Every structure is written in structure tokens, then in C-alpha cells.
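Hi,

Here is the structure I promised to pass on. Have a look at it first, then read my notes below.

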Amino acid sequence: MACGGGSYESSVTAPPPAPSGLVVDIGLDQTVILADTINLNAAVTKDDLPLQEIVTYGWSQISDSGIANFSSPTAKDTLVTFTEVGSYVLKLIVITDNEIVNDTINITVNLKAASVSDLISRPTT
């Protein structure tokens, strides 16, 4: 026997996906001089523990100042040099079997390091 007339709608919202726990951190923004080679060391963890699964790494440049040259663009850690003075944004993508995360870092490349005399204003005569 059918119960009453009309219709009944139910609105069920799926819960948001659980956070993956996979985290990549390539450090704080840096200022360097053009001749420097810098070492970028990534910390990759899952649920606050060192990552134990197979991972693919990929370093890239996402700004257009000059060219950032990576010594090991598919390794977790890499050395990088720059072709021109300017601001660079570099990105590391970390890929596991079921997750993709990334981090970026801003690098400011100056022609030379600031000296004490550059930082002190001199009186003009």
C-alpha cells in the first residue's frame, strides 16, 4: 500500500575529501647574487613522517626573469644557477601514486651583495 501523496527530496552532501597528509616544503624565499649556486633541499613528509613511497619530483621555473638552470630537475634536492638579475619563482611538484602536491619559492637575484657603504647614506655637499 502506498503511503501518502507528494514527494520527498533528501539533500545529502558528501563530506570534503580528507587532507592527504602529503606536504612539500622547499624553504623560505631567498636573495642571492648572480654568481651564486644555491642548494634547494626539499622536505617531503606524509602525516609528519618522512615519505616512504615511490615519488616523482619535478623542478620548474614559473616566472620569466631569466633562466634558472637546475642541476637535477627530477631529484628531490637540486642546485640552481641563474642567468640574469631579477626575480624568479621556482616550483617543485611531488607526485605519488595517488597525490600531487607542490611548493614554490621566490628567489631575488642581485648583481652584487650589498656592502656596508651601500647601506649607509652619505651626506651630499
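Glu99 sits in the loop between strand 9 and strand 10. Keep in mind that this is a predicted model. Is Glu99 buried or exposed? Its relative accessibility comes out at 11%, so Glu99 counts as buried, because the cut-off for buried is under 20%.

What does the side chain of Glu99 touch? It makes a polar contact with the side chain of Lys46, at 2.7 Å. The two residues also form a salt bridge, with 2.7 Å between the closest N and O atoms. This pair ties together distant parts of the chain: Lys46 belongs to strand 4 (residues 43-46), while Glu99 lies in the loop between strand 9 (86-95) and strand 10 (100-110), and the partners are 53 residues apart.

How many salt bridges does the structure hold? There are two. Besides the Lys46 and Glu99 pair, there is a salt bridge between the side chains of Lys76 and Asp77, with an N to O distance of 3.5 Å. As for how open these residues are, Asp77 is partly exposed, with a relative accessible area of 30%. Lys76 is partly exposed too, and its relative accessible area is 30%.

Cheers

Conventions
Residues numbered from 1 in each chain as written. Predicted model: local features only at pLDDT ≥ 70, side-chain atom pairs only at ≥ 80, totals over all residues. Heavy atoms only, no water. Salt bridge = Lys/Arg side-chain N within 4 Å of Asp/Glu carboxyl O. Helix = DSSP H or I, 4+ residues; strand = E, 2+ residues; numbered from the N terminus. Buried < 20%, exposed > 50% of the residue type's maximum accessible area, 1.4 Å probe, protein only. Polar contact = N/O pair within 3.5 Å; in protein donor to acceptor, adjacent residues only side chain to side chain.
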